[in-house]
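Have the sequence open alongside it as you read.

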Amino acid sequence: MASLMIWPRSKRPSTTSNLFGGGSIFVPRGTYVLSARIDTTGANNMRIYGEGIDATVLKTSSANDSVFYADGSTIYRAFENFSITSAPARTSGAYFDFEFERRGFFSRLRLQRHHGGFNFRGFEQTTLSEVFIVNPTGAGTAITCGYPVTAPDVNLGANLNIIDCFLRGTDDLQPNSTPIGAVALAIYDVEAVFMVNIDMGNFRDHIMLVSPAYRCANLHFVQTYFDGTRDGHNVYLTGAGMKMQFQFTGCWFNGAGNMPNGVTDCFGVLADNTGHYEDLNFTGCRWISQSGTDVRILTPEMDFNFSGCSFYNVGTKSATNRFGIHVAPNTPYSASQGAQRVGISGCKFRKTGTADVRVESNASNTVTISGCQFESGVSLASAALVGAAGANKDSIPFETASASTMVVSISKSYIFVTGTTNINSIPPTYPGHTLSMRFAAALTVVDDGGNLRLNGNLVTATNTMLTLVCEANGDWREIARCQT
């Protein structure tokens, strides 16, 4: 084991001051003890590289100092092919602590026995590729993007690319060991964070924390695993600022609260009632085996869309939070707020406990559902949302008996109506819900008997068809009828 001595590939001794600001530093195979941080402030257009992960090892003797540090703006730097570890257990600090990293590239690195891995207080077009952040000894954050700002309209960075990386809050070879790392990824007031093929799992608190003071926008996650917590949620959205333009594609949300000694009510995604939300989309994602609900939305200012997603085996520990998607605003919606809409289309629900989708009374009538496969059904808290008091679960079958007030399923667009009782009203479901009814026998559907707006009364016969659409005011308006 040696003190750090850095040699260029030519093998000629060279001081760092001759290389920083333009050039390469090659660190040969071996373990190098660092008694102080390496200050790279002002070192631009440089490359530090070793002979490979666990071949070249930098070993800090500090429990809290950085390994690489830079104040101010730095540009065009590369750190490649080495490992960083620590002799003492880390209590604070990050191995890479940079004020504003521009065009940086970090590749084939292994960071272990850390408190924090990367702390990018600011960044611009910087990339992490094939970085392994594992085996922490302190309850810190593996990757921090920005920091909680105090001044309005501060943008701390844009374009951080994280590709083919692996983050663990435990021993990476013993995933069920006690989680030490608190958070895998923390995002504050930044824009344009892109993650592709990332595995983040087994952290104490959350896999990802998003908490802007003013605005966090344009986040994209593709084939990313948010996999396993003990005390918190896979994705926790909070903060007083705007959370907007998030896209999750083909992601996996698994095992929140289900590590050994895990907490009962942890969620796959929790959007709390702070700040503002706009345009958050989940496409082709899968939720499986949370201790609580898969997706819980507490803000009345909701703008979420779920398309082609799967929800499976929810609420493995909770007695009450056992929903696939739970729209549960803490406060009623106000017209002064932004959009309020939740779209759920082409999704599949299995083993979701209490209900596949639950909508509480504080939500306005803006939850639209189409083309889903339900098992436990849709549960809505009030007649204004579902159509009639007492008909809270979407368990109404395809073949439905007629009634003076006939409750219809929120998830079905076509039903077969049996019986001969005249229909005077159909309680509303949601605006834009189109419903076609085929009748088995003679009865009368009464125009304006309650909330039906027809082209006159419809006297049915066998196989008569009537198609209606639910309007925003709760009325059902006739689209078409066919008597044969």
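Which residue in strand 12 stands opposite Phe106? That would be Leu128. Keep in mind that this is a predicted model.

**Strand 10 and its partners**

Strand 8, residues 77–86, runs parallel to strand 10, with 6 bridges joining them. Within that pairing, Glu80 has Ser107 of strand 10 as its bridge partner. Strand 12, residues 123–133, also pairs with strand 10 in the parallel sense, again over 6 bridges. Here are the two pairings laid out:

| Strand pair | Sense | Bridges |
|---|---|---|
| Strand 8 (residues 77–86) and strand 10 | parallel | 6 bridges |
| Strand 10 and strand 12 (residues 123–133) | parallel | 6 bridges |

**A buried aspartate in a loop**

Now jump to Asp475, which sits in the loop between strand 41 (465–470) and strand 42 (476–482). Is Asp475 buried or exposed? Asp475 counts as buried because its relative accessibility is 12%, and the cut-off for buried is under 20%. Setting aside neighbours within four places in sequence, Asp475 is in contact with Asn451, Arg453, Val469 and Cys470.

**A nonpolar patch**

Over on the surface, Ile163, Val196 and Val222 make up a nonpolar patch, and together they have about 170 Å² of accessible area. Val222 belongs to strand 19, residues 215–229. With a relative accessible area of 30%, Val222 is partly exposed.

Methods: Residues numbered from 1 in each chain as written. Predicted model: local features only at pLDDT ≥ 70, side-chain atom pairs only at ≥ 80, totals over all residues. Heavy atoms only, no water. Pairing = 2+ DSSP bridges. Helix = DSSP H or I, 4+ residues; strand = E, 2+ residues; numbered from the N terminus. Buried < 20%, exposed > 50% of the residue type's maximum accessible area, 1.4 Å probe, protein only. Contact = heavy atoms within 4.5 Å. Patch = residues over 30% accessible without salt bridge, like charges linked within 9 Å, V, L, I, M, F, W, Y side chains within 5 Å. Areas by Shrake-Rupley, 256 points an atom, 1.4 Å probe, with all protein chains shown as cover. Salt bridge = Lys/Arg side-chain N within 4 Å of Asp/Glu carboxyl O.
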